[in-house]
Amino acid sequence: MNGSIGLIIAAMFLDPASSVVEPGHGSPRIVHDATRQEADPWPGRPNPPLYRGDPRGYTVGLSVDFGTERFLMAGGAVIMDIATIDTAMVADLRGLEASVRINGVPVSTPREIEGDPASGRQRVTLRLPEGEVTAAISTRATWPAIAFNVAVDEQAASQVTWPREWPESVRPFLSATDLIQSDDEIFKAFIERTTEGRLRRTPIYIAAKELVRSTILEFRNVEGSSLRREGEGRIVGFQLQGAAAATSAIQVTPADMVCTCVAVLRAAGIPARPVIGIHSGDGKSGDSKRPKGRRTFCCWAEFHLPGAGWVPFDPFEMRGQGLRQANISRPWRWFGSIDTMNRRVGIAYDFAPFNQGRVLGYPAGWVYRLESSDPIIGFGLPITTIQMIGRGPVRP
């Protein structure tokens, strides 16, 4: 699998590399080595001062189980907007494997893959058979992916200026959405107070750093997990109040922190997005607040650095790292340079693609859509199960 996953995804695009990352403790060491220019043939590789390296292969995906006593289907479908290309991740949906089971028995139903993988996301639709069904419906989708560590040359990044206009490909991540209400006046006032009117006179990387720091410091009571679980610890989805509500909430989840940071950045005119992903549970001891030795849902955020690519950061991991006194010109843990990003794989840029259907319970990266107005009868909360199989280091 180590070779095959590299060949499958490298075949999508070929793009010459310019640098690699040598990860280690603390900030990753950036290495410019012309002899290794062909070491990264995968799409989405960033430009300096943003770098990636140390690729690891995975098979990832989601299973959605509807446990019901009676379920009346009228041409329903489960829909996922899947991330395909990013600084820290590349997925290839040509390797998609999907199934639908009724009462444990596989059924033949249409599946659709829409969109250009080069756009960074594609939509997968798993259609459910019409008619009355008892007991259980289960859907499953898995696909190959590669995850990378990420590093930023802080000095060079701090010299990047604001663009005259953003590329069309990133403009959608400037707009308000259901859970990220960046057009709310509270965020405009927060930005003005934080930057004291100097936003556009501050290099964009430094501005993003300061805005994220100030947002994180606003939160006092943060839960240890964003996940809603039912009996036996099964995942239903993410507990979310949304960015606007989280600003006045007594207690928030890590996912709320992500939504709020993204809302602040968008309100400041910086393209930003949440990333819903899966953490492998592996990596160096003590390098993360995530559970050790156990796969789990997680989320983080990204913002776009002009001319370079998407810069990852994890507000929950950044919390408690001495942010209040941190030197803005020095690297910060979990902001930009993250030498364990190859232990997590992004699967979506929305907790739920609300414009494609509706959430049944708690967002978990997918939605359900009815093809008619016929009612759902006897519906219970669906259970979302993450799928992740590590394939180890990958080479082209």
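Biologist: Which strands each supply at least two residues of the lining of the largest pocket?

Modeller: They are strand E6 (85-86) and strand E18 (309-313), where a strand is a DSSP run of E with at least two residues and a helix one of H or I with at least four, both numbered from the N terminus. This is a predicted model, in which local features need pLDDT of at least 70 and side-chain atom pairs count only at pLDDT 80 or more, while totals for chains, interfaces and linings use all residues. Residues are numbered from 1 along each chain as its sequence is written, and side-chain values use heavy atoms, with hydrogens and water left out.

Biologist: How is a pocket to be read, and what volume does the largest pocket have?

Modeller: Rolling a probe the size of a water molecule over the atoms shows where empty space is left. A pocket is an open set of points, on a 1 Å grid over the protein atoms alone, where a 1.4 Å probe fits, with protein on both sides within 12 Å along at least five of seven lines; its lining residues have an atom within 4 Å of a point. Points are joined across faces, edges and corners, and the volume is the space filled by probe spheres set on them. Here the largest pocket has a volume of about 470 Å³, and among its 23 lining residues Gly44, Ile85, Ser169, His304 and Trp310 are the closest to its centre.

Biologist: How many residues of each class make up that lining?

Modeller: Ala, Val, Leu, Ile, Met, Phe, Trp, Tyr, Cys and Pro count as nonpolar, Asp, Glu, Lys and Arg as charged, and the others, including Gly, as polar. The lining of the largest pocket holds 10 nonpolar, 9 polar and 4 charged residues. The second largest pocket contains about 370 Å³ of space, and of the 18 residues that line this second pocket, Arg121, Thr177, Asp350, Ala352 and Asn355 lie nearest its centre; its lining divides into 10 nonpolar, 2 polar and 6 charged residues.

Biologist: Is strand E3 mostly covered or uncovered, and which strands pair with it?

Modeller: In strand E3 (residues 50-67), 15 of the 18 residues are buried, that is, under 20% relative accessible area with a 1.4 Å probe and protein chains only, and E3 is thus described as mostly covered. Two strands pair if DSSP finds at least two bridges between them. E3 runs antiparallel to strand E13 (residues 136-152), joined by 16 bridges, with tyrosine 51 bridging to alanine 151 in E13. E3 also pairs in the antiparallel sense with strand E21 (residues 383-393) over 10 bridges, where arginine 56 has proline 393 of E21 as its bridge partner.

Biologist: What does the protein chain contain as a whole?

Modeller: The protein chain has 7 helices and 21 strands, and 54% of its 396 residues count as buried.

Conventions: Buried means under 20% relative accessible area, exposed over 50%, partly exposed in between (1.4 Å probe, protein chains only).
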